[in-house]
Each structure stands twice: as C-alpha cells, then as structure tokens.
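I opened the notebook to record, entry by entry, what I looked up in this structure. Each entry keeps to one topic.

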Amino acid sequence: MASFKKIARRSFLVGSAAILGGVAFGTYKYHQPAPNPLEPAAGKAVLNPFVFVDQSGVTLIAPRAEMGQGVRTSWAALIAEELDVDPGKVTVLHGPAAKAYYNSAMMGEVLPGRGYNNSSFQHSLGQVVGHTAKFFDLQVTGGSSSMKDGFERMRRAGASARETLKEAAAQKLGVSRALLETKDGQVLAPDGVTLSYAELAADAAKIDAQEVELRPASQWKYIGKTVPRVDMVAKVTGTAGFGVDTRVEGMKFAAIKQSPYFGAGKRSFDASAAQDMPGVEAILDLGDAVAVVGSNTWLAQQAVDAIEVDWEAPSYPETTDAIFAEIAQAFDGSPNSTMRDDGDVEAALPEGAEVIEAEYQLPYLAHATMEPMNATALYTGDALQIWAPNQGPTVVQQAAADLTGLSKDTIQVHTTYLGGGFGRRIEVDYTNRAVQIAQQMKGTPVQLTWSREEDMSHDYFRPGAIARYRAAVKDGQAVMVHGKIAAQSTTREAAGRMLGLPMSGPDKGHVDAAFNQPLAIPSFRVEGYLAKPMIPVGFWRSVAASFNGFFSDSIIDEMAHKAGRDPLEFRLELARAEWEPAAKVLETVREMSGWSGTTPDGIGRGVAMVYSFGTPVAQVIEVADQDGQIRITKAWIAADLGLAVDPQNIEAQMFGGLAYGLSAACFGEITFDGGAVEQENFPDYDAMRMPSMPQVEVAVLQNQKHMGGAGEPGTPPAAPALANAIFDLTGQRARRLPLMHDFDLLI
Amino acid sequence: MSKTLRINGKTHQVDLPDDVPLLWVLRDELGMTGTKFGCGVAACGACTVQVDGEAMRSCQLSLGDVEGDVTTIEGLGTPDNLAAIQTAWVEHQVAQCGYCQSGQIMQAASLLAENPAPSDADIDEAMQGNLCRCGTYPRIRAAIHSAAKMMQEA
Ligand code: FES
Ligand code: FES
C-alpha cells in the first residue's frame, strides 16, 4: 500500500491548507507522543496529559476552550466513560498551553472531498493528517471539531488511566489485575476490598501506563446521554471566572484606543487632557495605539477617550460600496477553485428550460461576543504570564514569544472561561495588546478590557460576499446550477497572519457549503473567486458556510418556485438521490412542522437544508404578519450528527446556532465610511432578543456513519430558511441581508 | 467622594469619583466580578443588579446616585445554597457561555418578585433588554416558568 506519508503529502497539496506546511514536514512522526505538560509531584500520579490523581481526588484536563458549547463537560464525560468516575464529582480544568493538547481533527478537514460522501479510507486518512497539527502546536478550539478530535483520544486516556490504577491495586493486593473492577472512583477487589483512586495515586505514579481496548458502545454510561454541565452552577452564581474576572495581586486596569483604520499607524497624539484625570497611573504609547493604565477600567476608559490621536490614513477602499466593487472585480479574474463540476453547466440547455439569474450580496459581520476582548498579563523581564479567554493557547504563547523575544517555555498561558468565542478568540490581537502594555509596566499585572466600541470596530470580520448564480429548471426538475462566489479569503488571510505561511492552491474553505451540498443536480459547478485583502477577516461561526449556505440554499428555493414545486419536496428529491442522511433531516422537519405546502393567510413558511462541518441540518421557519410587521414565530430543526455524544447539549448548540444566524440575517452588518467601521455598539448591531426569538423544536438524528460537528452547522440554514419564509409570506425575494433594510421586522 | 454602599446586606466604604458607574465599583473596587460588563450603554443587560429589588443597569448608575440596598448575583445564592431561580436555571441547563446569565437571572428575579406567575408576554416584556449572544432564550423562558412554579409551591 502506498505509504500514508505519500498520500498525505499529495492531499496537502490539493487541500486548501496545503499551507499549514504539511508539505515541508510530512506526517512520519505523528505517532510519537508529545511530552506530557503536567508535572508529577510526590504522591501525585500524572497518568497521562489528561488525567491526574492525587490525595484529594481525580482531576481531568479538558484542554479545549469552554465558550458555551459544553466541551469541558463532554470531554470530561469521554474520559469518565472509561475511567469510571462521575464527571460531576471530579475537578475538570483547562490545563496549560501544550503540544500534547493539539487538535487532531481540524487538520483532517483540509482534505479534498465533499465530506458527506467520503469513504472510510478518507476518514482514517483524515485522522492521520490531523496528527500533523502537533507540529504547529495547534492547540485550538474551532471548526466544530472537538468531538471528532476527542472521541477516541479522551476515552483512551480514561481507559489507560483506569488500567494503570488497577495495576497499582493489583500489585498492592497481590491479585491479578483481571480480577479487579472499577466503579465511581474506586478499584473493587473480589473479596470486597475497595481502594479509592486517590489512595492508589502514589503507587500508580511508579507504574508504566497500561493500554487496553476501549469499551463497546453497549457498555456506555455517559456517551449518548445528557450529562449535566460541569460549569452550570458556577455560571448561574456569578462565580465562573471569565477573562475579565481575572484578579491578580497588585493588578491595574487598562483601556485602549486603536486606529479606526486597519493596519494604519499613528502620526502623533496629545494626552494632555488625560494626564490629570482621576485614577490615571500611566499613559502608554503602543506605536499604533495608545493605552491608559489606572486604578479602574472605567476611569482608564474616560482618560483614553480624552486622548487625541492623529492617525495615518487608510490604505484600502474607504466605503462599503467601494469595497464591494472591489469584491465584484474578483469575478473578472480566473477562479481560484472549481471544487465541483458535475455534468456540463455550459452545455446548451434543453428546449423549454427556464433560467434564473440571481446575484446575492451579504455584508461583513462582527462576532460581538458578549464578553468584550480582554486579557491580563504580567511581564517580569524574563517571564510572562497571560490570562485570557482564548481559543488557541499555543497560538497566544507563540505570538507573545514573537512580540517579547522570550522563549515559549517562560510564557505561561492561563485559559479562563470564554464569554463567547464564535471564532473571534482564535485571534491573538487582544492578547498581544495586553502583552505590549505589560512590557511597559514591568512587574505589575495589568488587565486590558476593550470597550464594546473598540471590540466591534476592531474585529476579524466575517467577510462580505457576493454570489452570482445561474440555474435552470425544466418540467419541475433541476437541470443546472452554476454558482460563482467572491469574497476575501478567510483561510488564506488567517494562515498568513497566524502561521506566517503563504498559501496557494484552491481554497476549499472559501466555497464550503456551496460545492459540497448533498444535492444531485445533473450539471452543477461551483467556482470560488478570491478578492484581495482589504478589511481584516476571520473565522465567524461556520466561516464561509455562513454566506455560502445562504447562497446555495436560496438558489434552490428560487428554482423550486420557478419549477412550480413544493420547496421541501424539491430539496428532498435532490437530497435523496445524493445522500440519504440529508434527505432524512428534511423528512424530519417535514414531520415536526406538519409541513403541508400551504399556509393560512398571514403566515409564511420557509425551509432550508445546509451541510457543513460534517452535519446536515434542515430548518423550517414560520413567520407571521402582525399588523403589517413580520414576526418570526416558530422554528423546527433537524440535525444528523452520526453519533450524538450529548443530545441536550447538541440541542442547545442548534438553537444557539439558529439565534446567531437569525441575528445576522435580520440586523447584522458592518459597514464602512472613510475607512472606519460605522457600527459602534449593540444599538446599531442588534441581535435576537427574548421577544424576537421564535419557539424552537430540535431533533437530533444519528443516521450518518461519521461524526458531525455541533457548534457551527446550526447557523448556516437560519438565514435562508427565514428569507424563504418571508418570500412565502410576502412574495418578495431577499437577495441581500440584513433583512431589516427591505422588510419591516417586528423586534 | 467617600460613599457608603449596602450590597448584599454588607456595608462597603468606597472612595471614588461620584460619576464612576456602580458596575465598575463592584468589579474593580470591591472585587465582586459576578456582575458583567457588556456594552456600557444600557443595551445588553449583562450588568443588571437590583436596587431595593428593582432591576437596574449598573453601567448607567453613577456611584453618587446609588440609593438603597444593592443586590448582585453574589447576593442571590451561592454554589452551595442556590436560590430557587438558580436551581431552575441548573435544571434547564440554561447557560452556554454564561456571560450574560448573571444579568438574565437578576432581571428575571425581579420580574418574579413583582409577578409570581408571568405569562410569555410578561417574560418578553421584562427580558427584552437582556441580550444573549449564545441564544439561550428558549431555556431562559422555560426556567422562569419553572422558577415561578417552584416559588409558588415553596
Ligand atoms: S453593560 Fe450595562 S447594559 Fe450593557
Ligand atoms: S450564555 Fe453566552 S451570552 Fe448568554
């Protein structure tokens, strides 16, 4: 058989993240374990990087950012499944930044292929390629990858820890390990003797780790069941420590003013008005920004607001229109990718075919996490500590090393709870700012909190995007779809920024949820066009699927109507012919919503189905006319995750994803004037609220063979399902978002 | 500029300019970090506390204007001794990232104090100023109904 090395190498050259440098490194070393970052102490058994036991009990390390998706609980449950402890009764920590905690699943995503129809061979190849993340220290949380990443690894960690503890007990009791059992944090001997894991810690520390087979699904106690979130009590009592809650002895508070123009420096600044303001302790020049350090965040903010800065001019198109004109220009060049090209979209259409030509346009979007960007840092000259709500501890560490010249082993990153992530916190701009400040405040810990205004206008935005579709139907059937999508490239720009690696080749991420929709259309081509870098762009919950889902489902809805077909049946037929699980999610929402194809006067319904991050999700949304205004009343969601590790948690991710998508669809847009972002705060960047949020019902299915993601796939279908419902109600097609510009929404 | 505050039944002496919002007194001066900063402009509700039982945005309330007893999330219940409303929140597994939840709970607690059996419309009305970017609204609604029941039965 061709070596994995060779295959992986070839795949890297084809996949979009060729970039991530696999070419240069290969994968031959992937199976060598990274060093264990947990340091054993006397009487403490560090059984592997994920489990340690001491006299006080068992501690599990779930080194993924807990940003609301429940990963801390789910990873703990995976370990507990084999270790025989109650996840609610052990301590679960995030742990340090370390190579051992690399994300093995995210890299697998770069393989070419549509995902849903990958063979098992491709999937295991994905796993092998995934291990190369280790070479880049990518301990990151993103891409809806945590369950795929942790599913085997965490159970193995639990199983190995259990067997090692049993071996310690076997030696102590002089019985064979095979005769021992484990339950609720204890080893049970046949004669009724019990030894707690804590008692065995010291002995277990001296034994080599034991490996065993994983338990079969029939024995699972936690997987597939709802496990109460380990962070829930803390989060309802105000005791969960978010980034902004970090309190370190002697800590000061800082506020910042950055250029309203991206990448532009400052010419000069005048801080005379700020100098004598109350609470001000230091005014810092950060080169391309200014900061104030003081005794109180608010006082520091007042002072920084009083600083006058003369900024350098922007060096990119300055208005929204000019920026979109530039994006549209990308269509004049040649496509960066043609990831799908079934049939022949250029062939003459059959007689009587009806053609639709549609151009869609979606805006730039901010993440607007509830917790504004912040980080705390303490620099002592030869070491640095950073406390931050971040999605990539090793990325934060590397960036801080580059900034300070310190070696990575002198930089400690403490990951707090995240008040929302949505992809924003995989960036390191906010941690770098805290480090810059700390460097000028040697010996004093400083917490930097961005104002909401600073947060909203200094994001790595979801790129604005334009799609041009040409499609044809005949006799009620889909004949052809040809989509072209233009936007700045998130993957390329982020890879350059985060890894310093230039990227070339087709960008698969850019056309995700456009080319890989599980729909059988005789002629089907999707081309991606890359606009030049202008505005900083980044990973926004579901990334390119957030716009492509809207494009690719909207055109299907337009085709269904043109063909005179029921939009749900039309999709169902196309899905059935391509991939059964996609058909199943559609059938499920049809049942749940009692879809009949007709609605009473004053009610509209829309359906959408989008496959992204390994999960097909169908949504039906109902809207009602209330005295001339449109109200979103109901939503039904069906998602197929293959294996649902925690159904109640997945349900939360699904309606959360829906809310995030609906917020953007109704109100979300970042616009530019004079090179600066026009939106400042929630009043001009609003979101779904209690009265506008529809009633939601969620069905979690397990039909497909592979494990899908949960955090992101709920978002892409929300906008098209809503737009399709509004079309059903009003007869007016939404080809641009946000909807508030064209429709009177009741909010 | 020295002022005496009563918070969660305890007296605190603070020495800060009058215009500093209560939010920043709580967080940066008194180390009570349960109350969160989200927007600073009364648009998100993350900073909600109660003053004499009434829900208020602490980012808008200057130190000089605080009159009455302040209750923050820390004063509502503790991990070992949850208030009924917090128990309902745990039962419904409401929180996702959790950042908005202190404010949501303080707002809902004051709704329930005024209206022991709120309708969906009452909940819409009372909770509309509290943003949740994670979209936990369906479970917040369910938890408020449960808490109302629990409190009536108690
Ligand atoms: S921080 Fe007070 S309402 Fe947002
Ligand atoms: S739970 Fe995250 S903002 Fe509400």
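I take helices (H or I, at least four residues) and strands (E, at least two) as DSSP runs, numbered from the N terminus. By that numbering I placed A:Gln139 in the loop between helix 4 (120-130) and helix 5 (146-173) of chain A. Since this is a predicted model, I noted that local features need pLDDT of at least 70 and side-chain atom pairs count only at pLDDT 80 or more, while totals for chains, interfaces and linings use all residues. Residues are numbered from 1 along each chain as its sequence is written, chains are lettered from A and ligands numbered from 1 in the order in which they are written, and side-chain values use heavy atoms, with hydrogens and water left out.

I use buried for under 20% relative accessible area, exposed for over 50% and partly exposed for what lies in between (1.4 Å probe, protein chains only). I then looked up A:Ala368, which is not a glycine and yet has a positive phi of about 50°; it sits in the loop between strand 14 (354-362) and strand 15 (374-379) of chain A, and it counts as buried because its relative accessibility is 1%. A:Val543 also has a positive phi, near 50°, in the loop between strand 21 (523-531) and helix 15 of chain A, and at 17% relative accessibility it counts as buried. I recorded a cis peptide bond from A:Leu737 to A:Pro738, with omega near 0°, and found A:Pro738 in the segment after helix 19 (718-730) of chain A.

Entry on helices. For the expected span I multiply 1.5 Å by one less than the number of residues in the helix. Helix 15 (residues 545-562) of chain A has 18 residues and spans 25 Å between its first and last C-alpha, close to the expected 26 Å; 16 of the 18 are buried, and the helix is followed by A:Gly564, whose phi is positive, near 70°. Helix 11 (residues 393-404) of chain A has twelve residues and reaches 16 Å, close to the 16 Å expected. Nine of these twelve residues are buried, so helix 11 of chain A is largely enclosed by the rest of the structure.

Entry on salt bridges. I count a salt bridge when a side-chain nitrogen of Lys or Arg is within 4 Å of a carboxyl oxygen of Asp or Glu, and the count over all chains comes to 54. Which residue forms a salt bridge with A:Asp341? The partner is A:Arg525, with the closest N and O atoms 3.1 Å apart; the pair links distant parts of the chain, A:Asp341 in strand 13 (residues 337-342) and A:Arg525 in strand 21 of chain A, 184 residues apart. A:Asp341 is partly exposed at 40% relative accessibility, whereas A:Arg525 is buried at 13%. I also noted A:Arg631 with B:Asp124, the closest N and O atoms being 3.7 Å apart; this pair crosses between chains, from strand 24 (residues 629-640) of chain A to helix 5 (residues 120-127) of chain B. A:Arg631 counts as partly exposed at 22% relative accessibility, and B:Asp124 is buried at 14%.
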